[in-house]
Amino acid sequence: MPSHTPRCATGASPPRQPGSKANPGALERELGAELFSRARGNIALTDAGEALLPLARRILADTETAAQEVQELVQLRRGRVCLGATPNLCTGLLPDVPRDYHRQYPGIQLIIEEGGSRDLVRELATGSLDLALIVLPLQSHDPALAATPLLHEDLVAVTAADAPPLAGTAQIQVEDLRDRPLVMFRRGYDLRELTVNACRAAGFEPTFSVEGGEMDAVLGFVEAGLGPAVLPGMVAERRPGVRATPFAPPGMQRTIALAHRKDAEPPRAARELRRVLMEYIGQATETGSLPPGTRPAT
């Protein structure tokens, strides 16, 4: 993996200012023309010097402007940062985080990219994202990432609110999904891999009534009675048209982590976003206001 790729968040050290002492003789030799007339102790611009003067002034002005603009980026007055997140986290966790970040850094543009966890990992690898909320564990073929676990999230089986219960008890086993065609996410969603692997571990290959959807599509298909799906508890809580049934212990969970590439520290704007997110989770943990079905990973 290359050590440097373009990044969405901008920020850099200001350029080194030119030395205050110029060497007119060296410049004249380089240009091949005299810039100054030196007669009897008086120094005046030649025609070549007069022609160069406006350009030299413009270069100095542009250098000062560039230094000021870069300094604004360094001080987080301008710039942008790109954060990837799964759709359920965009609606269940992130709305408060951009608000807090914007209050502290109103000049920074925050770009949110929705996608499945594996899709987000690929975008991190190419430098299209500065940070991403992904699901652990990573697949063996995923690129080297530094990931900080944030939350453990319970998964539930979701059916239409008016559909018969999946089992005669308040909790179900993965085995209860046998012979029930599932509503399934498209490839690239970690929930697809989690569900399929859990079914195989229980001794059966799942079948699908419909597959290939995003989060909203999957919820709509479930509400239409096309079959159950395995979803995060925080998503089910917000949909009155579905019934959520928890899995019996040990249950089904996933771990949400904040990731970036190992070979490059995120720019300052992204590091500040990481700080705001961590502070939000800490405060939500203390006040008991984390989304339903989640708990801190530390």
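These are my notebook entries on a predicted model of one protein chain.

**Entry 1: the chain overall**

I began with the secondary structure and found 9 helices and 12 strands in the chain. I then looked up burial, and buried residues account for 40% of the 298 residues.

**Entry 2: the cavity**

How many cavities of 30 Å³ or more does the structure hold? I found 1. The space in the largest cavity is about 30 Å³. Next I listed the residues that line this cavity: T86, P87, N88, Y189, D190, L191, M215 and R254. Two elements, α3 (87–92) and α6 (190–201), each give two or more residues to that lining. Sorted by class, the lining has 4 nonpolar, 2 polar and 2 charged residues.

**Entry 3: the second largest pocket**

I put the volume of the second largest pocket at about 200 Å³. Its lining has 14 residues, and P87, N88, T91, M215 and D216 are the ones nearest the centre of the pocket. Which elements give two or more residues to this lining? They are α3 and α7 (215–223). I noted that P87, N88 and M215 are on the list for the largest cavity and also among the residues nearest the centre of this pocket. By class, I have 5 nonpolar, 3 polar and 6 charged residues for the pocket lining.

**Entry 4: helix α6**

At 1.5 Å a residue, its 12 residues should span 16 Å, and the end C-alpha atoms are 16 Å apart, so the two values agree. Which residues of α6 are buried? I wrote down D190, L191, R192, T195, V196, A198 and C199. Of these, D190 and L191 also line the largest cavity. Just after the helix comes G203, with a positive phi of about 100 degrees.

**Entry 5: salt bridges**

I reminded myself that side chains of opposite charge can pair when their charged atoms come close. My count for the structure is 17 salt bridges. I looked at some of them one by one.

- D100 pairs with R99, and their closest N and O atoms are 3.1 Å apart. D100 is buried because its relative accessibility, 18%, is under 20%. R99 is partly exposed at 37%.
- E175 and R178 form a salt bridge with an N to O distance of 2.6 Å. E175 is partly exposed at 37% relative accessibility, and R178 is partly exposed at 31%.
- E279 and R275 meet in a salt bridge at 3.1 Å, N to O. Both residues lie in helix α9 (residues 268–287), where they are 4 residues apart, about one turn of the helix. E279 has a relative accessibility of 37% and counts as partly exposed. R275 is partly exposed too, with a relative accessible area of 27%.

Which residues are linked in a network of salt bridges? I found D119, R122, R186 and E214 in one.

Definitions and conventions: Residues are numbered from 1 along each chain as its sequence is written. This is a predicted model: local features need pLDDT of at least 70, side-chain atom pairs count only at pLDDT 80 or more; totals for chains, interfaces and linings use all residues. Side-chain values use heavy atoms; hydrogens and water are left out. On a 1 Å grid over the protein atoms alone, a cavity is a set of points where a 1.4 Å probe fits but cannot get out, and a pocket is an open set with protein on both sides within 12 Å along at least five of seven lines; lining residues have an atom within 4 Å of a point. Grid points are joined across faces, edges and corners, and a volume is the space filled by probe spheres set on the points. Ala, Val, Leu, Ile, Met, Phe, Trp, Tyr, Cys and Pro count as nonpolar, Asp, Glu, Lys and Arg as charged, and the others, Gly among them, as polar. A salt bridge is a side-chain nitrogen of Lys or Arg within 4 Å of a carboxyl oxygen of Asp or Glu. Buried means under 20% relative accessible area, exposed over 50%, partly exposed in between (1.4 Å probe, protein chains only). The expected span of a helix is 1.5 Å times one less than its number of residues.
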